[in-house]
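Morning, everyone. Let me put the structure up, and then I'll walk you through it.

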Amino acid sequence: LGQRLHGALSQLSRASVIDDKASVIDALLKELCAALLESDVNVKLVSQLRAKVKAKVKKSLEEAEKAGGRELNKKNVVQKAVFDELVALVDPGTEPYKPTKGKINVLMAVGIQGAGKTTTCTKLAVHYQRRGFRTCLVCADTFRAGAFDQLKQNATKAKIPFYGSYTETDPVAIASLGVEKFRKERFDVIIVDTSGRHKQESELFEEMVAISGAVKPDMTIMVLDASIGQAAESQSRAFKDSADFGAIIVTKLDGHAKGGGAISAVAATKTPIIFLGTGEHLNDLERFAPQPFISKLLGMGDMQGLVEHMQDMARANPERQKDLAKNLQAGKFSIRDWREQLSNIMSMGSLSKIASMIPGMPAGMMDGNEEDTAAKLKRMIFITDAMRQDELDSDGMIFVAFDKAGNPIGLNRRAKRVARGSGTSIREVEELLAQARMMAGMARQAGGQNGWMTAMQKMQ
Ligand code: GDP
Ligand code: MG
């Protein structure tokens with residue numbers, strides 16, 4: 001969402017104590033609601049959210065008072081209520097279809113022209129291909145001139161088999177033939193790209209229904225452009241009414257889009273978002289999950305998204321990432337691993353997007369001055385450059401100072417040496433250590449359960 005929401009929430013987290021005067025909470029809520037409205041969230045939703053948060057906060061405070069607990073942290077109460085309500089808005093509570101191996105999964109994309117269907121279909125194909133599915137693409141767009149060429153180009157670049165025709169003008173015939181062919185060839189995931197029109201014309205809906213009847217998709221996905229703002233609600237309703245879809249992908253969240261429209265669309269159709277499109281490149285697809293989405297929105301970072309991104313990079317560069325995979329599998333993660341990730345991020349492009357997933361990166365970075373982000377990442381790498389071998393191989397505890405009773409009291413002389421040596425500040429060293437520690441925590445969690453790889457596979 002917009003800067004303003006960020007502002008409202010960081011104002012909330014800066015307020016060290018929120019006194020129980022209703023007026024203070026009211027003022028905060030007012031600012032928050034204004035921010036949500038500005039981010040294109042539907043007016044009705046916003047007033048509902050406001051009422052719910054207010055009721056929740058009131059209830060928590062009353063309960064605490066009854067229990068005699070004056071010490072309840074009111075800031076946390078408000079923050080948690082806001083967080084929970086925002087999560088509830090993007091979580092319709094229904095499970096989307098998940099392609100499984102050992103069967104043929106047909107997916108079909110619908111949406112208006114320019115929403116990002118063709119791009120997203122290719123991204124999806126790449127996504128599933130990386131996870132070991134045999135994927136392919138069918139172009140059933142006969143409306144837009146050059147549609148087949150576009151899909152062909154994308155598919156060729158990503159080395160994905162495709163089907164389409166320059167001469168056939170009946171999209172239903174093409175879709176049927178393509179899906180039939182790939183079914184015979186036992187592909188795991190067959191993705192059908194359809195045509196969009198400028199508006200929500202009735203012919204478009206008829207065409208979608210006809211294609212759907214012919215190819216019998218396991219999941220129909222509505223592709224929604226985040227930048228259409230408030231229109232997202234009516235558009236997704238119209239699609240839902242005529243060509244029922246079971247999942248939403250929101251595209252163009254990398255630009256100046258405000259994302260609130262997406263929230264409204266989910267609320268209006270009770271349909272889960274499965275992925276977010278965050279750029280024009282084929283890798284710019286993020287799995288959607290309500291909690292990380294909202295915590296990222298509130299500037300809390302998105303560790304899971306980051307880990308997934310790293311995992312994807314590992315799939316793309318198996319050689320370079322072999323050691324990392326091994327470490328993750330063992331539930332280990334050293335500063336050296338983090339350094340490796342930072343330099344990967346540097347070389348991957350679209351820096352601000354990835355940096356925004358790292359907790360502790362300044363919020364302004366999300367809005368994207370690539371140069372600033374690159375500079376910041378470089379400073380992080382400078383810090384690791386100033387470390388000794390044993391420090392790099394450590395989990396970071398080596399930099400912590402303890403008092404006589406064994407309680408951590410800050411950073412030690414090693415950390416100061418590193419700050420001096422890298423021309424950075426002790427604060428930045430602390431930031432880097434905190435990031436590495438969080439990554440280690442994620443690795444331990446995943447490694448400790450069924451092994452990292454299993455955990456990742458489960459998330460499909
Ligand atoms: P379609 O008409 O629905 O098939 O839309 P296209 O896939 O042709 O996409 C329309 C335009 O949006 C193209 O220029 C894409 O590169 C661009 N696009 C698609 N998805 C994204 C995204 O997530 N971010 C950005 N920045 N551009 C996107
Ligand atoms: Mg298209």
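First, a term. A residue is buried if 20 or more other C-beta atoms lie within 10 Å of its own, exposed if 12 or fewer, and partly exposed in between, with C-beta atoms placed from the backbone. Some ground rules next. This is a predicted model, where local features need pLDDT of at least 70, side-chain atom pairs count only at pLDDT 80 or more, and totals for chains, interfaces and linings use all residues. Residues are numbered from 1 along each chain as its sequence is written, while chains are lettered from A and ligands numbered from 1 in the order in which they are written.

Now the overall picture. The protein has 20 helices and ten strands. Those are DSSP runs numbered from the N terminus: helices are H or I with at least four residues, strands are E with at least two. Of the 460 residues, 42% are buried. Take contacts, meaning C-beta atoms, placed from the backbone, within 7 Å. Among those with a separation of 6 or more, 73% join residues 24 or more positions apart.

On to helix H5, residues 117-130. How many of its 14 residues are buried? Twelve, so H5 is mostly covered. Lys117, Thr118 and Tyr128 are among them. For H5 that gives 20 Å, and its end C-alpha atoms are 20 Å apart, which agrees. Just after H5, glycine 132 takes a positive phi of about 90°.

H5 also matters for ligand 1: with three residues, it gives the most to the shell. That shell has 19 residues, and the closest are Gly116, Lys117, Thr118, Thr119 and Gly277. A residue is near the ligand if its C-beta atom, placed from the backbone, lies within 6 Å of it. What is the shell made of, by nonpolar, polar and charged? Two nonpolar, twelve polar and five charged. Here Ala, Val, Leu, Ile, Met, Phe, Trp, Tyr, Cys and Pro count as nonpolar, Asp, Glu, Lys and Arg as charged, and the others, Gly among them, as polar.

Last, strand S7, residues 273-277. Five of its five residues are buried, so S7 is largely enclosed by the rest of the structure. Strands pair if DSSP finds at least two bridges between them. S6 and S7 run parallel, joined by three bridges. There, isoleucine 248 stands opposite isoleucine 273. S7 and S8 run antiparallel, also with three bridges. Leucine 276 stands opposite glutamate 286 in S8.

Technical notes. Contact = placed C-beta atoms within 7 Å. Expected span 1.5 Å × (residues − 1).
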